[in-house]
Amino acid sequence: MKKSLKITLIAVSSVLVCIMAFLSIYYLWPWNKDFFDKASKEFNIPGLETDFVPQGMSHLSGDDDYLVSGYMSKGGPSRIYQVDGESGEVVKYITLKCEEEDYVGHAGGVVSYGSSIWVVGDGNLYRFTLSEFLNKKSGEYLHINAYTDTLNGADFVFASNGVLWVGEFYREGNYETNESHHLKTRSGEINRAVAYGFTIDETKPLGLYYESSKATPIPAMALSLPDLAQGIAIAHDNKIVLSSSYSLADSHLMYYENVFADPAHSSIRYGLYDVPLWFLDNDALISNTTIPAMSQNVLIKNNMVYILFESASKKYKIFNRVSLDCVYSMPISAL
């Protein structure tokens, strides 16, 4: 064997050994052991046998069931699944139509509150009634008749204490936000995303309060959010859990004090109006817990944080160190 060929074979073999060692560690190493020691499986994430990519999660109002929203990676109509709260089995899924067109947007968040269900995505908030949803059979579509631009990215949604929160996701370069949302916090860092809190009034077309002199709902309050926010949940003591993630890096659950106990930290302009604003910043941060990649929305039930992941969807599964096909929960006290 020629010396040059022998050197080439040794070099190629060395590279292959390094690649195999890397892949073995990447896929087989017990990543996020601390999380799995504390967390429990709750129910299987629906739709993973299709090209569904889960994004949003909520309780179903007046029931123990759950809602999971998301988009179809190959461009089909976005879906909302209903999951039985006891068995974890899929009850049904529906798709949406808006102005007679299939809704194929991100469906980044869903929340059920009172007699309403809201879905957000691509800068808009959509509303339909709980009864409309319950009356649909699996696979049927539901017409959206009420929607509005929320003047932010409208990437996730949450409801608590009569307030509907619509938040946005920021990442430099590919998920930019309005520069007016880039705010220096009390502790000196820059937050670049905002969640608006609208007062719920289900007598109105959008299920949100607005004065007769104003043509659209105006938020009653706002939260300034850190980068990479995927969802928030507010506990019974008004402390806040925020899910933060992007791509293959570890996700984080960021746990904040009840900032609403303070007078408003600042204000932000919403159209022609000034809205009181509170910062989720390092001054309010209680803890920052590392969890597996690709966390999405969160909810709180019985002092447990429920976490939805998109890592086991067909779109991302092959690339992930840990692909989670279940919603997991962990105690708030473990954060």
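K92 lies over the face of F133, at 4.6 Å from the ring centre, and R79 takes a like position over Y93. A charge is said to sit over a ring if NZ of Lys or CZ of Arg is within 6 Å of the ring centre and within 35 degrees of the ring normal.

| Charged residue | Ring | Distance from ring centre |
|---|---|---|
| K92 | F133 | 4.6 Å |
| R79 | Y93 | 4.0 Å |

This is a predicted model, in which local features need pLDDT of at least 70 and side-chain atom pairs pLDDT 80 or more, whereas totals for chains, interfaces and linings use all residues. Residues are numbered from 1 along each chain as its sequence is written, and side-chain values use heavy atoms, without hydrogens and water.

Rings of Phe, Tyr and Trp (its six-membered ring) pair if their centres lie within 6.5 Å; planes under 30 degrees apart count as stacked, over 60 as edge-to-face and the rest as tilted. The count comes to 18 aromatic pairs. In one of them, F36 and Y328 have ring centres 5.8 Å apart and planes at 75 degrees, so the pair is edge-to-face. Because F36 lies in helix 2 (residues 33–38) and Y328 in strand 26 (residues 326–331), the pair ties together parts that are 292 residues apart in sequence. Helices (H or I, at least four residues) and strands (E, at least two) are DSSP runs, numbered from the N terminus. Ring pairs also link F35, F36, F309 and Y328 into a cluster. With 8% relative accessibility, Y328 counts as buried, while F36, at 29%, counts as partly exposed; buried means under 20% relative accessible area, exposed over 50%, and partly exposed in between (1.4 Å probe, protein chains only).
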